[in-house]
Amino acid sequence: MVVKVASKSLIALESIKKSYQQPNGQEITILENISLELKPGEIVALLGPSGSGKSTLMRIIAGLITPTQGKVLYHNRPLVGLNPGVAIVFQSFALYPWLTVLENVELGLKAKGVMASERRYKALQMIDVIGLDGFENAYPKELSGGMRQRVGFARALAVEPELLCMDEPFSALDVLTAENLRFELLDLWLEKRIPTKSVLIVTHGIEEAVILADRIIVLGRNPGRIRADLTVTLPHYRDRKSSSFQALVDQVYKIITNPELENVEQAAVAPQSTETQPRKYPPLPAVRIGSIAGLLELLEDRQGDLYRLGQELQLEVDDILPIVDAAQLMKLVNLREGDITLTEVGQQFVSSGIDERKAIVRNQLLSNLFLIQQITNLLQVKRNQRIQEELILDILEAHFSPEEAERQLKTAIDWGRYAEIYSYDEPAGEIFLESINND
Ligand code: ADP
Ligand code: MG
C-alpha cells in the first residue's frame, strides 16, 4: 500500500505583518497578511516592483528581522533568532576586501563554529564547484563582478544551507555575465551538485523568474502582500523564445500591471475589512515629467501590450512601471490587463506644444492629486504665498517613512514646477507661488 505523506514544510510564514513606527508615532505597514510555505525541492522566485517588501520578507525568513505580527516556522517550530537553515547571497556581494577568496568563503563556516581543517576542506570544495579554482588567494578587488558574485555563492553554499536565499543576485552584473551565472547556478541545482534543498530568489525581473523558478510569488505594493502564487511546470532548460515561455511571461506581466485583478483576488481570498478606502496620498512614483512625456509619445503609434513595449525598448518592469504609474495617476493612460492606451487627455497631451502640455499637466495634477492640491491650497491662504517644505514633510511623514516622505515631496515639487503651479526656493527650503499680478 502506498501511504501518501504530505510533503514536508521547510519554512512556513503565517499571517506575517511588518510595520515600522515613525518618529511621530504613526505606523507604516510594509508587509501585510503574508502566509506562505517553502518546501524542499523548489526554486521559488519572489517577484515584485521595488518597494514591495521583497528584501524585508527575505530577511524575515532568514531571521534577520522579526515580524510585527504572525509566525515564522522552521521545520514546523517557531523560529527564534537567526534561521540556522538559511544562507544569503546579496546583490552587493558583501565581501570583505581585506580577506582572500578562500577566507571569505570560510567566513560562514567559521561563524557556524566549524573546525579549521574541515572549514578549509569544505571551502575549497565549494570554490571548485562554483568555478573559482585558482583564485583561492586572490583578493576581491582583483576579481571581476561575476567572479566576486561567485565568491558570494560559494560562501553561502559552503555552509550547506537548507534554503539558499538570494536578493537580486545578478542585478549588479552586466547582462551576459548575469545570464552565464544564472545558467551555471541552474546547472548545479538541476544536477544536484549544490547542497541546498531549496532556493528563494528575490527579483524584479519577470524573465529571470520564469527562467529559473518552479514557483513564482508575486508581491504587490503599499503594503506588500501576495498577489499571486503560480506554479511553473515548463521543463528546464526553458527557451525564452518559445510560445509557452512568452505566454507565462505575459500572464505574470498582466498580474503585475492589472490592479483590478488584485481586487478580484482579494475579494476571493479575504474580504477586506475597512481598509478599502482610497489612499489620501497615493504614492507619487519618483519619475520626471519628461519620462512620462516620452512614454506617451511612444504610445502614440504603438498602443497595446505593455510587456511588448517594454521589450521593444529594452526596459525592465522596474524601469517602466513607475512611469506608467505616474501617467495613470494623472489619468493620461489607461491600463487594462497589461494593455496600455492613451486617454483622451493623454492623446491631447501628445499632440500639443510645450505650453499647452504644461496646462494639461497642471489641470491633471490639480484635479487628481491631493498632495498637490493641498500644497496649492496652503500657498493660497498664506499672505506671502510661501510655505516651508518642513510643513509638507510633517504631513507626509504621517503616511510615509522619512526617506519616502522626502522623495514624495521632491516629486511633488518637480511636477508642480513643471506645470508652473508653484516654484521652489531651494536655499530657503520654501515652496512659493509666483506673483501672478506682474502683467
Ligand atoms: P524591495 O526589496 O521590494 O524593494 P524593501 O523590502 O527593501 O522592498 O522595502 C519595502 C518598503 O519598506 C520600502 O518602502 C522601504 O522604504 C520600507 N522600509 C524598509 N526598511 C525600513 C525601515 N527600517 N523603516 C522604515 N521603512 C522601511
Ligand atoms: Mg530589495
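1. Strands β3 (residues 43-47) and β8 (residues 198-203) run parallel and are joined by five bridges. Within this pair, Ala 45 stands opposite Ile 201 in β8. Helices (H or I, at least four residues) and strands (E, at least two) are DSSP runs numbered from the N terminus, and two strands pair if DSSP finds at least two bridges between them.

2. The model is predicted: local features need pLDDT of at least 70, side-chain atom pairs count only at pLDDT 80 or more, and totals for chains, interfaces and linings use all residues. Residues are numbered from 1 along each chain as its sequence is written, chains are lettered from A and ligands numbered from 1 in the order in which they are written, and side-chain values use heavy atoms, with hydrogens and water left out.

3. β3 and β8 belong to an open sheet of six strands, ordered β6-β7-β8-β3-β9-β10, with mixed pairing. β6 (86-90) and β10 (225-231) are the edge strands, each pairing on one side only. From one strand to the next the twist averages 20 degrees. Helix α7 (residues 243-257) packs on this sheet and touches β3, β9 (215-220) and β10; the direction of α7 makes about 170 degrees with that of β10. Axes here are lines fitted to C-alpha atoms, for helices over the stretch in contact, and angles run from 0 to 180 degrees between N-to-C directions. Contact means heavy atoms within 4.5 Å.

4. Leaving aside residues up to four places away in sequence, Val 89 touches residues including Gln 149, Phe 153, Leu 164, Met 166 and Pro 169. Val 175 lies 86 residues from Val 89 in sequence and 18 Å away in space, C-alpha to C-alpha.

5. Helix α3 (residues 116-129) has 14 residues, which at 1.5 Å a residue should span 20 Å; the end C-alpha atoms are 20 Å apart, in agreement. The expected span is 1.5 Å times one less than the number of residues. Arg 119, Ala 123, Met 126 and Ile 127 are the buried residues of α3. Viewed down the axis, these residues fall within an arc of 105 degrees, so they line one face of the helix; the arc is that of the directions from the helix axis to the C-beta atoms. Their cover includes α2 (101-111) and α4 (145-158). Exposed Ser 117 and Tyr 121 are on the face turned away from the buried side of α3. Just after α3, Gly 131 has a positive phi of about 85 degrees.

6. β12 (residues 333-336) and β13 (residues 339-342) run antiparallel, joined by four bridges. They form a hairpin with two residues between them, and Glu 337 in the turn has a positive phi of about 45 degrees. The covered face of β12 holds Val 333 and Leu 335, and the uncovered one Asn 334 and Arg 336. Asn 334 stands opposite Thr 341 in β13.

7. For the whole chain, the secondary structure comes to 16 helices and 16 strands. A compact globule of 439 residues would have a radius of gyration near 22 Å, and the chain's 25 Å agrees; the radius is taken over C-alpha atoms, and the globule rule is 2.2 Å times the number of residues to the power 0.38. Of the 439 residues, 49% count as buried.

Notes
Buried means under 20% relative accessible area, exposed over 50%, partly exposed in between (1.4 Å probe, protein chains only).
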